[in-house]
Amino acid sequence: MKKVREKNEYEGNPVGLSKETATAMAKELDRHLASFIVLYHQYHKHHWLVEGPQFRDLHLFFEEHYNEIHEQYDAIAERLTVMGYCPTCHPANQLKIAYLEHEEEGEFRIREMLNKDMDDEKSIAVELRKSIKKAFEMEDFATKSLLEGILLKTEDRCHHIEHFLGEDGLSIGLIAKPSDIMEDGGAEESKSKGKKKAKA
Ligand SMILES: [Fe+2]
């Protein structure tokens with residue numbers, strides 16, 4: 001196959017962005033694209049492996065996240081083509097420029113998996129803010145606006161994971177003794193359990 005264009009070849013853009021701005025912002029967008037794809041795979045993994053009493057909620061929660069991430073990195077890649085550049089498409093090359101790392105193979109406790117997702121969302125938020133600042137300084141207002149929208153949703157995802165990791169919940173009785181959560185130290189509960197036992 002004969003290549004029409006090399007990966008880093010600039011083809012110009014029809015929207016009046018200078019080559020300097022297009023080149024700088026395309027580089028920013030490319031590393032976000034690569035990192036979002038890492039998180040996309042990770043959410044799939046967690047969607048497949050989650051189990052336990054909250055299986056269905058979490059299974060669907062992860063699915064919502066990978067769908068949203070997919071829409072976002074698609075918009076990032078398309079913006080990159082507006083700039084006159086070719087997005088990094090090969091997975092091995094994406095890994096070289098991503099600022100997120102893939103989770104190791106194998107299964108982990110659900111809280112650990114959620115913690116890794118939350119940390120990664122936080123890293124994305126931090127990196128997006130840097131690119132938004134740069135886009136503003138270079139007067140690339142459309143990229144700034146695109147990334148701001150993505151940042152808002154990223155912060156929402158991060159916050160929702162934090163809620164899943166909260167310590168309160170209906171399942172607390174499964175992991176704590178009544179004395180840990182009841183003012184009377186669980187005396188009432190012990191009494192009623194005793195009665196049931198006596199009846200049986
Ligand atoms: Fe599925």
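**View 1. Helices H1 and H2 are roughly antiparallel to each other.** In this predicted model, the axes of H1 and H2 cross at roughly 160° and come within 9 Å; since angles over 145 degrees count as roughly antiparallel, the pair is therefore placed in that class. The crossing of H1 and H2 is left-handed, and the residues that form the contact between these two helices divide into 15 nonpolar, eight polar and three charged. Two packed helices are described by the angle between their axes and the distance between the axes.

**View 2. The largest nonpolar core has 30 residues.** Among its members, Ala26, Leu33, Phe36, Leu80 and Met83 touch the most other members. At least two residues of this core are supplied by each of helix H1 (19-49), helix H2 (55-82), H4 and H5, and the largest share, 11 residues, comes from H1.

**View 3. Phe36 and the residues it touches.** When residues up to four places away in sequence are not counted, Phe36 touches Ile69, Gln72, Tyr73 and Ile76. Phe36 is also one of the residues that touch the most other members of the largest nonpolar core.

**View 4. Lys96 lies in helix H3, which spans residues 91-97.** Is Lys96 buried or exposed? Lys96 counts as exposed because it has 10 C-beta neighbours inside 10 Å, where the cut-off for an exposed residue is 12 or fewer. Although Lys96 and Ala34 are 62 residues apart along the chain, their C-alpha atoms are separated by 8.6 Å.

**View 5. Glu139 sits in the loop between helix H4 (110-137) and helix H5 (141-164).** Glu139 has a positive phi of about 60° although it is not a glycine. Most residues other than glycine have a negative phi. Glu139 is exposed, because 10 other C-beta atoms lie within 10 Å.

View 6. From the N terminus on, its elements run α-α-α-α-α-α-α-α. Of the 200 residues of the chain, 26% count as buried, and among contacts with a separation of 6 or more, 72% are accounted for by residues 24 or more positions apart.

Note on methods. Residues are numbered from 1 along each chain as its sequence is written. This is a predicted model: local features need pLDDT of at least 70, side-chain atom pairs count only at pLDDT 80 or more; totals for chains, interfaces and linings use all residues. Helices (H or I, at least four residues) and strands (E, at least two) are DSSP runs, numbered from the N terminus. A residue is buried if 20 or more other C-beta atoms lie within 10 Å of its own, exposed if 12 or fewer, and partly exposed in between; C-beta atoms are placed from the backbone. A nonpolar core is a set of buried Ala, Val, Leu, Ile, Met, Phe, Trp, Tyr and Cys residues joined through C-beta atoms within 7 Å. Two residues are in contact if their C-beta atoms, placed from the backbone, lie within 7 Å. Axes are lines fitted to C-alpha atoms, for helices over the stretch in contact, and angles run from 0 to 180 degrees between N-to-C directions. Angles under 35 degrees count as roughly parallel, over 145 as roughly antiparallel, 65 to 115 as roughly perpendicular and the rest as oblique. A crossing is left-handed if the near helix is turned anticlockwise from the far one by less than a right angle, and right-handed if clockwise. Ala, Val, Leu, Ile, Met, Phe, Trp, Tyr, Cys and Pro count as nonpolar, Asp, Glu, Lys and Arg as charged, and the others, Gly among them, as polar.
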